Amino acid sequence: MTSRDHRWDELQTRWAQGERLSAEEEQERLAYAEQDALAGKELELFAELRARGAAPAEPVAPALIGRALEAINGSPRLRLVTTASEGAPEAPAPPARRSRVALVAVSGLVLAAASVFVLLVGRVLPSRPVVPPAEVRAPITRSFARAQLVLSAGHVEVSGRRLGVGQNPLDEGETVATDDGRACLRIDPGIDVCLAAHTTIQLESLAAVSIRLRVDRGTALATLSRRAPGRSFSLRTADVSALAHGTTYAVRREGDVTDVSVVEGTVEVTRDPGERELVDAHSRVVVRSTLGTLVKTAMGRGEEARLLALGAARRLWSGAALGVLDLAASPSGSLQATIDDGEPLPLPLQAFASAGNHRIRWRAAGGTESVVWTEIAAGETQHLAPPIVGGTSAGTAAPPEKPSATSLLELARRELAQSRPRQALVLYEQLRAAYPASAEARTVLVTMGKLELDLGRSQRALGRFEAYLRDGGALVPEALAGKARALRALGRGPEERRAIEQYLAAHPGGFDAPLFAKRLKELGGP
Amino acid sequence: MKNYTSSDRPALAEGIGDRVESLVTLPDAQADVELMAAVAANDPSAQRAVAQRLAPRVRKVAGLLCRSAADADDAAQAALIEILRSAGSFRVATSLERWADRVTVRTTMRTAHRERSRRGLLERWVPADLLPWGGPPVRSPLEEVSLDSLLSRLSYERFQVFVLHHALDFTVDEIAGLTGAPPGTVKDRLVMARKQLRKMLRARGGTTDDKS
């Protein structure tokens, strides 16, 4: 290569990696390509790629749009977006047919006259801001806050039906009721409302300027970031409203008593006749529907801790990349689950959780526990079956929790289909622990070995293959091949050689035989 | 209720024009924010308008980033759903088209990654002749040099950054943000892809002085 070739190569490399060349350099680069066929061809290919990116987009099949819209609107729903058109008169009926010529002539005259008038007025009068008359101003659009169920644990109903986490947003007027369960809602922007057991709330207003939730019974804890000016959030009961602009507080409604407890910030509590009280952090006010004044008292640390625990799950969905964790119910209903050492929650449980690894701890009534790590991918749902929480001590009442071997295999297969080998391995482990004498418990050893190899855990993989080979079976060729690969990964050449020889002797026509014969030559030796 | 149509706002010029747009506030950008707010509020006419307006562009971007038309269709559908679902996060700082491009790129890469993992697993377990996509293609070193033959020979990581930069006009920093790879790695992939292109051209031209 000449120095000129080198120079061009340098310029082209810099250009290709996104560096901005000076005008002279760019000219030099293009000039060289005009004289060198190879360089010219290279630039042609780059130009072709660029042209593909700049080409106008072609129409797509309507089915593509239809399917996307269908996926978005899982259930038909309507929501009023524009309020200004409410009550507007219907469009007037079309005018009766007239002579077209007459219509055009009259319109032209009117337009010409109007133009002359505007021109004259514009010259004579000083300019001033143009304010359109009220009737032609753009309608003010009422914007809604998005409210969505982000945690549902145990029995939770939305407007009388079961609704999963990650499904459609909630509508104004809908109710959320927790029987013995727990639930959290996320209302954009920055409002989390968590409900204790035996709580019913109604989404009274989701208008962005004034979000109101009515607590019909039970306890609702709200944590919200500071509201923008002109925007408010309040938790209400039948006769009391607790308005906040950025704080953590709870409203509890039992019978005719409303208890407003403030953990952080300040909350404005009002009662229907107009009685108003500002409640500061670590304080509470109890209001009875019957007569009586609003009385503030200090709130104990224990009570405060209990309230904060209600919203502790918030950290699960605090990240930007979220997936859904779906823990199935246990057949006996006796298990509870904690996520990342949070509060124990009833099953079934669904929650938004940040992408990454999470620790799930299942706890039986008798105190025995089972812990697994699970990985949640952004935008995906991670399903987990209840584990086998066995080994309870005598006298404890923890019932056996055993999904069938087939269901565990099916779950593991689903995880594999989603490219999640670690989760599949956990399920295979569960299967082997629950059904140690079953045929499946042995068969999955080979699968587990291959997965361990994929994950780079060669020693574990070797253990799995050897465990299978101890008793033999239909998968001996696969197990032997896996053993040889694991030994190779571990750098144990002589043993790898023996494993390959054993494979070739027993299965000379096996799937891996050609590769192993080649490998045997590489290994050399006697 | 306002009825939105896909022609509520004229289609924007594609390519480098959008890059300029992202630096200024467009006169009709506010209309897009309102349109997307309506989408976030589940207004069906707004959803349809946005889907119709963006679908061709989404399919084009997905098509450039996928190696097969079937994968591109899947990725385009997933991206369109993601765009509609993320409508609430659309801000005025960028054009709707460019914002949609980013969502499409992320979704397409995620879809492609999942598909490659699935294929990888299948390839481990199923003999090559039984794979739905068959075995690896047999290529002659003297086959015609074309853009498609070059792209098909690049590893997916190189292919991705090569297309993002040279076809879709994303900067190195933008690609780093989209792919999660450090900018240095992105540059390295661009350089290596270019070297591969150069090598192919030399091989076809019979030149043997390839030192790259």
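**Close-up views of a predicted two-chain model**

Figure 1. Of the 212 residues in chain B, 46% count as buried. The model shown here and in the views that follow is predicted. Chain B contains nine helices and zero strands, and its pattern along the sequence reads α-α-α-α-α-α-α-α-α. Among the contacts of chain B between residues at least 6 apart in sequence, 65% join residues at least 24 apart. Chain A holds 13 helices and 22 strands. Of its 526 residues, 42% count as buried. In chain A, residues 24 or more positions apart account for 48% of the contacts with a separation of 6 or more.

**Figure 2. The crossing of helices α2 and α3 in chain A.** Helix α2 (residues 23-35) of chain A and α3(A) have axes that come within 5 Å and cross at roughly 115°. The crossing in which α2(A) passes α3(A) is left-handed. On the side of α2(A), the contact is made by R29(A), L30(A), Y32(A), A33(A) and Q35(A), and on the side of α3(A) by A37(A), A39(A), G40(A) and L43(A). Sorted by class, this contact of α2(A) with α3(A) comprises six nonpolar, two polar and one charged residues.

Figure 3. Six aromatic pairs are counted over all chains. In one of them, the ring centres of F46(A) and F162(B) are 5.5 Å apart and the planes stand at 50°, so the pair is classed as tilted. F46(A) belongs to helix α3 (residues 37-54) of chain A and F162(B) to helix α7 (residues 156-166) of chain B, so this pair joins two chains. Both F46(A) and F162(B) are buried. Ring pairs link W15(A), F46(A) and F162(B) into a cluster. One member of this cluster, W15(A), also has R29(A) over the face of its ring, at 4.2 Å from the ring centre.

**Figure 4. Aromatic residues of chain B.** F90(B) and W99(B) form an edge-to-face aromatic pair, with 5.4 Å from centre to centre and 70° between the planes. F90(B) and W99(B) are both buried. In another ring arrangement, the charged end of R98(B) sits over the ring of F170(B), 4.0 Å from the ring centre.

**Figure 5. The packing of helices α12 and α13 in chain A.** Helix α12 (residues 493-506) and helix α13 (residues 513-523) of chain A pack at an angle of about 145°, and their axes are 10 Å apart. α12(A) passes α13(A) in a left-handed crossing. From α12(A), the residues G493(A), E496(A), R497(A), I500(A), E501(A), Y503(A) and L504(A) take part, and they meet A513(A), F516(A), A517(A), R519(A), L520(A) and L523(A) of α13(A). By class, the contact of α12(A) with α13(A) has eight nonpolar, one polar and four charged residues.

**Figure 6. Cis peptide bonds in two loops of chain A.** Most peptide bonds are trans. The bond from D188(A) to P189(A), however, is cis, with omega near -5°. P189(A) is placed in the loop between β4 (182-187) and β5 (191-195) of chain A. A cis peptide bond also runs from L347(A) to P348(A), with omega near 0°. P348(A) lies in the loop between β18 (345-346) and β19 (349-354) of chain A.

Figure 7. Most residues other than glycine have a negative phi. H282(A) is not a glycine, yet its phi is positive, at about 65°. H282(A) is located in the loop between β13 (276-279) and β14 (283-288) of chain A, and with a relative accessible area of 43% this residue is partly exposed. In chain B, N42(B) likewise has a positive phi, near 65°, and is a residue other than glycine. N42(B) is found in the loop between α2 (29-40) and α3 (44-65) of chain B. N42(B) has a relative accessibility of 9% and therefore counts as buried.

**Figure 8. A buried serine in a loop of chain A.** S330(A) lies in the loop between β16 (322-327) and β17 (336-339) of chain A. Its relative accessibility is 6%, so S330(A) counts as buried. S330(A) and A364(A) are 34 residues apart along the chain, and their C-alpha atoms are separated by 10.0 Å.

Notes: Residues are numbered from 1 along each chain as its sequence is written. Chains are lettered from A and ligands numbered from 1 in the order in which they are written. This is a predicted model: local features need pLDDT of at least 70, side-chain atom pairs count only at pLDDT 80 or more; totals for chains, interfaces and linings use all residues. Side-chain values use heavy atoms; hydrogens and water are left out. Axes are lines fitted to C-alpha atoms, for helices over the stretch in contact, and angles run from 0 to 180 degrees between N-to-C directions. Helices (H or I, at least four residues) and strands (E, at least two) are DSSP runs, numbered from the N terminus. A crossing is left-handed if the near helix is turned anticlockwise from the far one by less than a right angle, and right-handed if clockwise. Contact means heavy atoms within 4.5 Å. Ala, Val, Leu, Ile, Met, Phe, Trp, Tyr, Cys and Pro count as nonpolar, Asp, Glu, Lys and Arg as charged, and the others, Gly among them, as polar. Rings of Phe, Tyr and Trp (its six-membered ring) pair if their centres lie within 6.5 Å; planes under 30 degrees apart count as stacked, over 60 as edge-to-face and the rest as tilted. Buried means under 20% relative accessible area, exposed over 50%, partly exposed in between (1.4 Å probe, protein chains only). A charge sits over a ring if NZ of Lys or CZ of Arg is within 6 Å of the ring centre and within 35 degrees of the ring normal.
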